[in-house]
Amino acid sequence: MAGPDVAWYLAVAAFLFGIGALGVLIRRNTLVVLLSLELMLNAGNLALIALSRHWHNGAGQIFALAVMAVAASEVCVGLGLVVALNRRDLSLDVDRLSELRG
Amino acid sequence: MNGLVLASAGNVLVWIVWVVAAFSCLASGVAVISFSNAFYSALALIGNLASLAVMYLLLSAEFVAAAQVLVYAGAVVVMFLFVIAYVGPRRETPWSGGPGWQTVAAVCAAGALLVEIVVAVGMQASGTLSPESNVGATFGTPAWIGRVFLTDHLFAFEITSVVLLVAAVGGVILGAHTRRTDPGIITPAPTREAEREPEPEVVH
């Protein structure tokens with residue numbers, strides 16, 4: 001079952017990473033920035049798994065699972081921050097959150 | 001001859017599945033960053049995750065595909081949806097607000113990053129990315145992943161669990177009610193939901 005080359009997967013991963021980076025740069029809502037970060041992490045995962053398949057090396061898949069756990073942790077902390085911001089009636093605009101003391 | 005026809009038919013099928021998955025992956029990625037409502041963005045992320053899971057299956061990473069759907073669609077996106085619903089509707093127009101040069105600069109920076117990735121990967125890997133060969137039948141199965149995780153990568157496994165635990169505790173502490181304590185008297189945090197204006201806030 002010879003499907004597309006690994007280069008095709010890497011191209012999709014690169015484009016997905018670019019889309020995620022664009023989202024992080026262009027959006028101002030903290031929640032959407034977090035979602036775009038998820039896109040970037042998923043692009044990295046796709047590249048890891050494609051190369052793991054290419055080199056017949058399982059370490060890529062293990063690393064992808066670790067990345068998933070780290071992404072879940074990041075979402076956990078990020079959403080905790082969003083809830084804390086919302087509770088203090090602060091704006092969720094990343095341009096206005098320039099001071100850590102709020 | 002018959003086997004050859006069958007094999008090429010299988011190839012075409014794999015290509016069709018791949019093209020559909022890749023297209024929906026990129027399209028839902030664009031949808032995530034371009035919806036003005038964060039709720040729709042989170043829903044579009046589910047489509048992105050599902051199409052990525054299909055591509056993982058094509059790459060014979062069955063366990064990672066299942067974990068992707070379980071962890072992301074089952075936990076992460078649900079948490080996102082809960083928080084978005086908790087925060088309330090905040091509309092934001094993605095392509096406007098803020099100075100125009102900022103948008104242009106963001107597009108340029110993202111494009112430069114993409115070009116950089118493509119050039120770096122192409123220069124590093126041109127020639128070595130030969131057509132993929134067959135892998136063993138056990139590659140990527142849950143049994144294989146479990147054995148590798150608990151033998152070769154045991155330390156990474158344990159560290160991952162500690163990281164998750166610390167993040168969960170941190171998330172709870174960040175999201176917990178902050179009580180203002182007078183000396184001797186503990187007063188509950190004032191509820192601000194009643195004071196908040198019901199109409200959606202415009203974030204620029």
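Mentor: Residues are numbered from 1 along each chain as its sequence is written, and chains are lettered from A, and ligands numbered from 1, in the order in which they are written. In this predicted model, local features need pLDDT of at least 70 and side-chain atom pairs count only at pLDDT 80 or more, whereas totals for chains, interfaces and linings use all residues.

Trainee: What makes H1(A) largely enclosed?

Mentor: A residue is buried if 20 or more other C-beta atoms, placed from the backbone, lie within 10 Å of its own; 16 of the 21 residues of H1(A) are buried, so the rest of the structure largely encloses this helix.

Trainee: Which residues have the most contacts inside the largest nonpolar core?

Mentor: A nonpolar core joins buried Ala, Val, Leu, Ile, Met, Phe, Trp, Tyr and Cys residues through C-beta atoms within 7 Å; the largest has 68 residues, and those with the most contacts inside it are Ala13(A), Leu46(A), Ala50(A) and Met55(B). H2(A) supplies the largest share of this core, 14 residues.

Trainee: What is the mean pLDDT of chain A?

Mentor: On the predictor's scale of confidence in each residue, from 0 to 100, the mean for chain A is 86, and 94% of its residues reach 70 or more.

Terms used. Buried ≥ 20, exposed ≤ 12 C-beta atoms within 10 Å, placed from the backbone. Helix = DSSP H or I, 4+ residues; strand = E, 2+ residues; numbered from the N terminus.
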